[in-house]
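Subject: Structure handover and notes

Hello,

Here is the structure I said I would pass on.

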Amino acid sequence: MEPFEAMGIFWEPDSPSRTHQGILTLDDGQNMNLKLAGFGSATIQNVGPEPRKIMLTDTGEVIHGSTTAGLVSLLGWYKTDSSSGSDLSESWAMETVEAVELVVGAHFDLSIPILSWTVKLEAVKEWVHLGLRRLNKTFDHGETGVGTLHIGAAQNRRMDATGEHVTDITMATMVYNVPQDIDQARRDMVALDQILTLSTGVQPPLQDVTMGSDGLQSPFEFHSKALQGPRSTYEPSAFHAPLAYEAIAGSAGIAKWIQRHENFALPLHAMLNMQRHHAPDTVSELDFLSAWLAVEFYLGQKSKNHENLEEFAEQFFTKEEKQIIDLKKWAKVAAKARNDIVHMNEPQPEPTLWLNSIDVLKMLVVRKMLALCGLDWKGCTMGYGHNQTLYRLSHAVKQEGGA
């Protein structure tokens, strides 16, 4: 949603007659700020009467407004500032409210059912690595337990010199079989955002979010601080991200991930919270432990860490990969590094071991996720330089002793 400023009248739904003038601002940082004003008359004999109170509380669920930008609703609002004063003619009060979410185009409340949502995904065409022509022709769809997810090019297309349809706009749309509440729509969009982040290597904001509702005649714009706004670069690997679009069977695979997003919440959270340094060959304890936590979600607590990791890797390594790296030795070295960090605060191991172990741990998590969705994971590698990564890791394991 583009930054804007709108003037209008605002009120709480349970007090529609208690209206206040205000200015609503959405800035470049995607912060939603509403300044409300209240006035009261004064006389020379009574210079300082109390201005009328604007808000009953410091927080609330919904504020409605009729503004120069149309109908608006602020969801999850909270007061951040309050001031008042008076002169010989009047008294005044000014209160500033911020909101977690903003709806433009409707008077919305949390009980309104959601039928569909659409987001703009500028990063998808680079992620697919197949070009827009292939994407425009396929229009992949995916069935979930609650609806259909569609990823494809926007309808406003143009022709290139060869007569192919091309566009710079790609959209993702979810259409629910049964209307869902706003919480479900949020969770599904967050899941899509996580999968895109893991797959692209950057955190692309979900732009231009619109929703359709059973209770409203036309779609409305939806902005949430949790979903939109500036993001920092995410660098999960020195090479390309381990998960390509085709490796998860297009948007049908994404739809299955969304259907099971609760199962993936912990490993995705661990992997997405890695804070890689600017130098691609530098890692930290947090990087390694984040990747390990993602794997540990599937390892469980039985037996020893190195035995669990060896069994896990044995299941999800190909025959060719097993010929490059000794899984038993790597599992022991990796588990020792993990334990040294957690329990002994030992100095970090040889950097190559950390860097390449992180890539392998992430690859194992992705393959496990694909397997849980019933999708083919064997083509899922660590990207370009996959074998070189394994060879470097094998050499690092030997340097660390291995046993």
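What follows is a summary of what was found, starting with the whole protein and moving to single residues.

**Overall**

Please keep in mind that this is a predicted model. The protein contains eleven helices and 14 strands. It has 403 residues, and 49% of them are buried. If we take the contacts between residues at least 6 apart in sequence, 68% of these join residues at least 24 apart. The protein exposes about 19000 Å², and carbon and sulfur atoms supply 51% of that area.

**Helix 9**

Helix 9 covers residues 327-344, which is 18 residues. From its first C-alpha to its last it reaches 24 Å, close to the 26 Å expected at 1.5 Å a residue. At its start, a side-chain oxygen of Asp326 comes to within 3.1 Å of the backbone nitrogen of Lys328.

Which residues of helix 9 are buried? They are Leu327, Trp330, Ala331, Val333, Ala334, Ala335, Ala337, Arg338, Asp340 and Ile341. These buried residues pack against helix 6 (285-299), helix 7 (305-316), helix 8 (319-324), helix 10 (351-372) and helix 11 (386-400).

**A surface patch**

Helix 6 is also where Phe297 is found. Together with Leu266 and Leu293, Phe297 forms a nonpolar patch on the surface, and the accessible area of the three together is about 220 Å². Phe297 has a relative accessible area of 34%, so it counts as partly exposed.

**A buried position**

Ala172 sits in strand 12 (residues 170-180). Is Ala172 buried or exposed? Its relative accessible area is 0%, so Ala172 is buried. Leaving out residues up to four places away in sequence, Ala172 touches Trp117, Thr118, Val119, Leu121, His150, Ile151 and Leu192. His150 is 22 residues from Ala172 along the chain, yet their C-alpha atoms are separated by 5.6 Å.

**Salt bridges**

Side chains of opposite charge can pair when their charged atoms come close. How many salt bridges does a search of the whole structure find? It finds nine.

One of them joins Lys79 and Asp58, with the closest N and O atoms 3.4 Å apart. Lys79 lies in strand 5 (residues 70-86), while Asp58 is in the loop between strand 3 (32-41) and strand 4 (59-67), so this pair ties together parts that are 21 residues apart in sequence.

Lys79 also forms a salt bridge with Glu95, where the closest N and O atoms are 3.3 Å apart. Glu95 belongs to strand 6 (residues 90-104) and Lys79 to strand 5, so the pair ties together parts that are 16 residues apart in sequence. Both Lys79 and Glu95 are buried.

Another salt bridge is made by the side chains of Glu314 and Lys322, at 2.8 Å from N to O. Glu314 is partly exposed, at 42% relative accessibility. Lys322 is partly exposed too, with a relative accessible area of 30%.

Regards

Technical notes
Residues are numbered from 1 along each chain as its sequence is written. This is a predicted model: local features need pLDDT of at least 70, side-chain atom pairs count only at pLDDT 80 or more; totals for chains, interfaces and linings use all residues. Side-chain values use heavy atoms; hydrogens and water are left out. Helices (H or I, at least four residues) and strands (E, at least two) are DSSP runs, numbered from the N terminus. The expected span of a helix is 1.5 Å times one less than its number of residues. Buried means under 20% relative accessible area, exposed over 50%, partly exposed in between (1.4 Å probe, protein chains only). Contact means heavy atoms within 4.5 Å. A polar contact is a pair of N or O atoms within 3.5 Å; within protein, one must be able to donate a hydrogen and the other to accept it, and residues adjacent in sequence count only if both atoms are side-chain atoms. Accessible areas come from the Shrake-Rupley method with a 1.4 Å probe; for residues, only the protein chains shown count as cover. Patches are made of residues with over 30% relative accessible area and no salt bridge: like charges are joined within 9 Å, nonpolar side chains (Val, Leu, Ile, Met, Phe, Trp, Tyr) within 5 Å. A salt bridge is a side-chain nitrogen of Lys or Arg within 4 Å of a carboxyl oxygen of Asp or Glu.
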